Amino acid sequence: MINKAETAAKFLRISPVAIAATLCLSLLNACATQPGVGATETALRRLYGEPALVIRLDSGARWFYTSGPLGVTTYAVDMNKDGIAERAQNVLTHTMLEKIGAGITAEAVLASIGPPYRQVRFNNLGATAWDYRYRDTWGYAVEFSVMVGDKYGVTSTVSRRIDAIRNEH
């Protein structure tokens with residue numbers, strides 16, 4: 001006869017390697033989390049450094065933290081007038097980027113999705129391409145370019161996948 005308690009004990013036995021791996025992944029995940037709601041300006045600066053861009057708003061300010069030139073996230077942290085974070089979200093998402101289109105001002109682009117990782121000037125077009133990287137819904141790295149004209153703001157956008165193999169983590 002099979003002892004149910006013994007079977008359960010065998011099933012629940014976890015190797016030390018599995019425990020260590022789980023702990024390491026948990027710690028890495030904690031390091032990669034977004035800036036927290038309720039944090040003070042001082043706490044955010046201590047944890048994440050200076051923001052890449054600060055946009056002044058009537059309600060306070062929006063701070064942008066980018067994950068660097070090869071990164072695929074930019075967090076917008078809305079600070080109230082007392083210097084407390086009220087909202088934090090990754091703004092480099094398909095949902096946010098599909099709102100960027102012809103006729104939007106350069107200032108509105110910056111206020112929505114933050115600074116680009118790269119700018120490429122096209123003198124013959126009188127415009128500059130602002131490039132952003134993000135992960136699409138299926139996990140592929142995508143480069144999203146916003147063409148910002150000298151006179152009329154955004155003239156067009158284009159996106160393309162930049163990796164053929166989906167990132168599995």
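Strand β3 and strand β4 (residues 85–90) run antiparallel and are joined by five bridges. Strands are DSSP runs of E with at least two residues, helices are runs of H or I with at least four residues, and both are numbered from the N terminus. Two strands count as paired if DSSP finds at least two bridges between them. The model is predicted, so that local features need pLDDT of at least 70 and side-chain atom pairs count only at pLDDT 80 or more, while totals for chains, interfaces and linings use all residues. Residues are numbered from 1 along each chain as its sequence is written, and side-chain values use heavy atoms, with hydrogens and water left out.

Threonine 66 has threonine 74 in β3 as its bridge partner.

In a regular strand the side chains alternate between the two faces of the sheet. In β3 both faces are covered: Thr74, Ala76, Asp78 and Asn80 on one side are buried, as are Tyr75, Val77 and Met79 on the other. Buried means under 20% relative accessible area, exposed means over 50%, and partly exposed lies in between (1.4 Å probe, protein chains only). Threonine 74 counts as buried because its relative accessibility is 3%. Leaving aside neighbours within four places in sequence, the contacts of threonine 74 (heavy atoms within 4.5 Å) include Phe64, Tyr65, Gln89, Leu92 and Ile113.

A further group of four strands forms an open sheet in the order β5-β6-β7-β8, with antiparallel pairing. Because β5 (118–122) and β8 (153–161) stand at the edges with a single partner strand each, one side of each is left without a neighbour in the sheet. From one strand to the next, the twist averages 25°. Angles run from 0 to 180 degrees between N-to-C directions, and axes are lines fitted to C-alpha atoms, for helices over the stretch in contact. Strand β6 (residues 127–135) and strand β7 (residues 141–149) run antiparallel and are joined by nine bridges. Tyrosine 134 has valine 142 in β7 as its bridge partner. Helix α5 (residues 106–113) packs on this sheet and touches β6, β7 and β8; the direction of α5 makes about 15° with that of β6.

Charged side chains provide another set of links. Side chains of opposite charge can pair when their charged atoms come close. The whole structure contains nine salt bridges, each a side-chain nitrogen of Lys or Arg within 4 Å of a carboxyl oxygen of Asp or Glu. One of them joins arginine 62 to aspartate 78, with the closest N and O atoms 2.6 Å apart. Arginine 62 is in strand β2 (residues 60–66) and aspartate 78 is in strand β3 (residues 74–80), 16 residues apart. Both arginine 62 and aspartate 78 are buried.

Arginine 121 and aspartate 150 also meet in a salt bridge, at 2.7 Å from N to O. Arginine 121 lies in strand β5 and aspartate 150 in the loop between β7 and β8, so this pair ties together parts that are 29 residues apart in sequence. Arginine 121 is partly exposed at 38% relative accessibility, whereas aspartate 150 is exposed at 52%. Another salt bridge, at 3.6 Å from N to O, brings together arginine 160 and glutamate 143. Here arginine 160 in strand β8 and glutamate 143 in strand β7 are 17 residues apart. Glutamate 143 is buried, with a relative accessible area of 7%. A network of salt bridges links Arg118, Asp131, Glu143 and Arg160.

The last topic is the nonpolar cores. Such a core is a set of buried Ala, Val, Leu, Ile, Met, Phe, Trp, Tyr and Cys residues joined through side-chain atoms within 4.5 Å. The largest has 20 residues, of which Val109, Ile113, Trp130, Tyr132, Phe144 and Val146 touch the most other members. At least two residues of this core come from each of α4 (94–97), α5, β6 and β7. A second, separate core of 10 residues includes Ala39, Ala43, Trp63 and Val77.
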